[in-house]
Amino acid sequence: MNEISVSERALITTVTPKAWWWVLARGVVSAAVGVIITLSLNHTDQFTAVLFAIWAVGVGISLVGFAAAGLTETMSRFYVGVLAGVTVLAGVLSTFWQGMTDQPISTLIAVWAIVAGLVELFLGLRLSAGSDMRADHIIAGALTVLFAVAEFFGGAGTTWAAGLLGFYAALVGVQLILAGVGLRSVGRRAAVDGEESETEQRNA
């Protein structure tokens, strides 16, 4: 039975559990930014732009690492690459935003969120049913799209933009930390199953 379960897992997933710590890193960066925004009283556009830039670069790096170490299928890597590129680009733009336009930083963040959310949703939906991380990508994508809607229609105030970014980052951070821990557990179970399978074959 163990040998069958290992074979079935290889067929239904394009995510390798060894990438769990990249997922965890993305979650930790997000959660940390959420905590910093929550504890800070400085909710100016400049403050939000700087923190968003730091968060975006950290998330972009973790996504690139996840694509390289954790994905075995080319199109899935492409989607994650697009997600990483869009996120880092938005982070870089945010540092120059006030000099480029009179629009609040929430406008840039909202545009990023709708694009990134849809890309991550598509990524999750295209993974096979039962694949590791499928539900996590769908949840993260849906939360990002909802975050975009809230930024677009919730008001352009600097306090609102910063507070909402902090809430979103903390929420997604916790979700991704749990996803990373869960992926690590999957890897450990798969390793145990493989060892038991080899032992049974030797004893047969």
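Eight aromatic pairs are present in the structure, which is a predicted model. In one of them, the ring centres of Phe52 and Trp112 lie 5.7 Å apart and the planes meet at 70°, so this pair is edge-to-face. The two residues come from distant parts of the chain, 60 residues apart: Phe52 belongs to helix 3 (residues 45-70) and Trp112 to helix 5 (residues 105-126). Both Phe52 and Trp112 are buried. An edge-to-face geometry is also found for Phe78 and Tyr79, with a centre-to-centre distance of 6.0 Å and an angle of 70° between the planes. Phe78 has a relative accessible area of 47% and is therefore partly exposed. Tyr79, at 22% relative accessibility, is likewise classed as partly exposed, because buried residues fall under 20%.

Phe52 and Trp112 also take part in an aromatic cluster, together with Trp55, Phe147 and Tyr168.

Phe147, a member of the cluster, is one of the buried residues of helix 6. Helix 6 comprises 20 residues (134-153) and spans 29 Å between its first and last C-alpha, close to the expected 28 Å. Its buried residues are Asp136, His137, Ala140, Gly141, Thr144, Val145, Phe147, Ala148 and Glu151. These residues are on the same side of helix 6, because the arc they cover around the axis is only 165°. Leu146 and Phe153 are exposed and lie on the face of helix 6 turned away from the buried side.

Key:
Residues are numbered from 1 along each chain as its sequence is written. This is a predicted model: local features need pLDDT of at least 70, side-chain atom pairs count only at pLDDT 80 or more; totals for chains, interfaces and linings use all residues. Side-chain values use heavy atoms; hydrogens and water are left out. Helices (H or I, at least four residues) and strands (E, at least two) are DSSP runs, numbered from the N terminus. The expected span of a helix is 1.5 Å times one less than its number of residues. Buried means under 20% relative accessible area, exposed over 50%, partly exposed in between (1.4 Å probe, protein chains only). The arc is that of the directions from the helix axis to the C-beta atoms. Rings of Phe, Tyr and Trp (its six-membered ring) pair if their centres lie within 6.5 Å; planes under 30 degrees apart count as stacked, over 60 as edge-to-face and the rest as tilted.
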